[in-house]
Amino acid sequence: MATQTYRFAERMHIMKPSPTLAVSDAARQLTLAGHDVVDLGGGDPDFTTPEHIMQAATKALNEGFTHYVASSGIPPLRKAIAAKLQRDNGVTYDPNSEIIVTPGGKAALAISLLALVDGGDEALIIDPGWVSYAPATQLTGATPVQAPLSPDDNWTITADLLRQYVTLRSRVLIFNSPNNPTGRIATQAELQAIADVARENDLIVISDEIYEKLVYDGRTHTSIASLPGMQERTIIVNGFSKPYAMTGWRLGYVAAPRELVKQIATIHSHTATCATSFAQVGGVAAYDGPQECITMMNTAYDRRRRLVAEGLSALPGITCPLPEGAFYAFADIRGTGLSATDFATQLLQAQYVAVTPGDAFGPAGAGYVRLSVANSDEMLQKAIDRIGAFAVQYPLPAESAPDADHLARRSGETHLLQHRQRPARVEERLRRDRARADRFDECFHDADGGRRQPVRARRAPGAGHADRLIGRLRAEDGVPAEVFDGDRLRLR
């Protein structure tokens, strides 16, 4: 049989599969091969959809509610969505002309972008952000422009930062709060910063609010559409997957001004036709029925986020801030000296724990990995134990307290060597682990003529132990001696 050659669209040269789905697929394959895999890569709640929601959909199925429905959604669901937006978010929408029910939040995002941007346009994306924002933009022919936040100031959004990335081609700004992957909830000041930049530059804001119900420690979610002058330039994207454990139902929606919805609805009618009929009945039950299920799930997520953040932060080379919302932990693994991709790949291969590399969510996520806490306490503890067994191979030993500063900070490709207290057994491991020299070759990479390049560092408590380590490595592996000079670590 002759080999067929296929010609693909130009967009396929830049499109890549979803990183989160790729992680889950890899974990699934290892599980099928008989391995005990802990999959923390995806964003699927481990709870079953609440009973009253399933009963409503089952009843609809049994009554034959299995045919096409209105493209924008069944009237009872659009009314329930409008009531929820008024009740929870303080914004008013006409259920007949300003709401579209979609097969999932991803579809809501995609059709909104298709209606708003073309080739040559730009979409400003808060970085890090959900993995599908940039690809969904690229599918339209527009260019995603990522505005990188900094972990050093807790991923704070400022107007000055956003203005650096706005151009005459900018058309939309995409962000979500609570944020996936960082778990940050946008403050009023941050929402105002986004609003100011949007008004200054006539941008439409696509506000992904899928995690709005998953907030902790007394925090609350505020929709940017509720800010003065913002409802007319905001598209709310939301859905039922996360708060009601309905990921497989594929049920989301768009809420926007009438003029925007009219155009978005045209795209929707030619792509999805309508969201699944009986699933929409379940959506009505979700919004109009008892809400104790959300409280129950949030209580579990609250406990689990603490378990994971505290457990990971106790490990060598890793720190993990406590997430404010959503159900992800975004762990800083720069102290291991590994890139996020290498960390995730090697962790899956060595310990059968699946996590998502942080740079899958944008360049600002480099040096981080995302872990879903939407799993049982038992499985999360197993993951922490396995990550600990993996991480012990990598950080530099030191005699400092567990909260000591890093010996060196990494930016881009420069390795950060975190400085943490390690037990004495690490000394023995270092002596017999000849691969340690290879790690230092990464950190002190050769340049012209084999000269070692300086590593910028901060003098920290316990640095004397690092001096002794480097001296030993020099004797064992030929690494040149280093001395501290003020706050610079220099090679002599």
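The model is predicted: local features need pLDDT of at least 70, side-chain atom pairs count only at pLDDT 80 or more, and totals for chains, interfaces and linings use all residues. Residues are numbered from 1 along each chain as its sequence is written, and side-chain values use heavy atoms, with hydrogens and water left out.

The protein chain holds 15 helices and 16 strands. These are DSSP runs numbered from the N terminus (helices H or I, at least four residues; strands E, at least two). Of the 492 residues, 53% are buried, that is, under 20% relative accessible area with a 1.4 Å probe, protein chains only. Among contacts (heavy atoms within 4.5 Å) between residues at least 6 apart in sequence, 73% join residues at least 24 apart.

Three strands form an open sheet with antiparallel pairing, in the order 9-12-11. Strand 9 (328-332) and strand 11 (356-357) are the edge strands, each pairing on one side only. Pairing requires at least two bridges found by DSSP. Five antiparallel bridges link strand 9 to strand 12 (residues 368-372). Ala 329 has Leu 371 of strand 12 as its bridge partner.

Phe 8 lies in the segment before helix 1 (19-32). Phe 8 counts as exposed because its relative accessibility is 56%, and the exposed class starts over 50%.
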